[in-house]
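Hi there,

Here is the structure I promised to pass on to you. Have a look at it first, and my notes follow below.

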Amino acid sequence: MSKSHSVWVSRPLFPEVLAHLAQYVHVHAETEDRKHSSAELREKLAAVDGAIVALSDRIDGNVIAGNQRLRVVSNLAVGYNNFDVPALTAAGILATNTPDVLNETTADYAWALLLAAARRVSSAERWLRAGHWRGGMRFDDWLGVDVHGKTLGILGMGRIGQAIARRACGFGMPVLYHNRSRLPQTVEHDCCATWVEKSELLKRADHLMLVLPYSAQNHHAIGAAELALMKSTAVLVNIARGGIVDDAALAVALREGRVAAAGLDVFEGEPAVHPALRELDNAVLSPHIASASADTRRAMAQLAADNLLAALGYGPDAGHPRSPLNPEAWGKHAAET
Ligand code: 8YV
């Protein structure tokens, strides 16, 4: 097949996914994982018909200004706070993301962080590896807080929040949640979940998971005032986005024992991590890997590639990308071509 479209892939991807893309289009794939500046993004995007981009690539009006060629940007993530969707729509550029394929894997990881933080897994391992386990151990050493049977709070009850909640049923944990809108009763029943106001959620939850998307309104949704409402025995888990928690305020609360522990996969300004958090033994920290199982990262890459190809008119979904964020932009292009 002669290839008439070119695409840019902003970070290294699985070779088989790149090979799949290359069956249909010219592929320019980066071989290094790094954040791109606006100027770089502008230049790269001006030269292609479509792009697969990472969360660290900020695609805004400035980056696409005057771009007459670009038709689709496919995000390698379900969250798309790196996209200015209205600007893309105004420019007639389709935006897509990777929903659903990562729900269960991300929910598993949220539980891994909750259990690790509650039962002090990381600090105990650091202690053991440092060679401190020599003689006996005090019976009252390494006491954590229980997870099973406690009340789980979930802030943000989309698809990943629901996958987390369904697992809570197996731990004998009632779930309280807060979301802009209440879920249908059947879903609440499946999730053992009850809707409450945010302040009630913070006060009543024994442990709290944050699963809400980042937006300007959600910036510091958990700050000093919210932390002050939480139980001092509670574990806080953030697998959502940096910026949803005020990391400086959290570090103070953790240091003063006003919150028992935290499991954090995302950070304000990542890859930088607030220095005070790095010092704390009651914080389990990981580098934004909640979706990183081999199967799921492959499925995300494949979906991002399929969305891109479909938008350019190739593959089994030609003309019908599976997860468009602004189908109205796509309609505009389809009408023009
Ligand atoms: C990232 C995520 O995509 O999908 C999201 O919104 O935050 C993650 O799955 C992944 O960490 C790659 O950056």
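Predicted model: local features only at pLDDT ≥ 70, side-chain atom pairs only at ≥ 80, totals over all residues.

On the backbone side, an N or O atom of Val78 sits 2.8 Å from a ligand oxygen. From the side chains, Arg241 places an N or O atom 2.8 Å from an oxygen atom of the ligand, and Arg297 has a polar side-chain atom 2.8 Å from a ligand oxygen. On its own the ligand would expose 330 Å², and the protein buries 89% of that.

Elsewhere, there is a surface patch to look at. Leu128, Trp133 and Met137 together make a nonpolar patch of about 320 Å². Met137 belongs to the loop that runs between α6 (121-129) and β6 (152-155). With a relative accessible area of 37%, Met137 counts as partly exposed, because that value falls between the 20% and 50% cut-offs.

And what about Gly161: buried or exposed? Gly161, which is part of helix α7 (residues 159-170), is buried, because its relative accessible area is 0%. Gly161 is also 17 residues from Gly144 in sequence, with 25 Å between their C-alpha atoms.

Best wishes

Definitions and conventions
Residues numbered from 1 in each chain as written. Heavy atoms only, no water. Patch = residues over 30% accessible without salt bridge, like charges linked within 9 Å, V, L, I, M, F, W, Y side chains within 5 Å. Areas by Shrake-Rupley, 256 points an atom, 1.4 Å probe, with all protein chains shown as cover. Salt bridge = Lys/Arg side-chain N within 4 Å of Asp/Glu carboxyl O. Helix = DSSP H or I, 4+ residues; strand = E, 2+ residues; numbered from the N terminus. Buried < 20%, exposed > 50% of the residue type's maximum accessible area, 1.4 Å probe, protein only. Polar contact = N/O pair within 3.5 Å; in protein donor to acceptor, adjacent residues only side chain to side chain.
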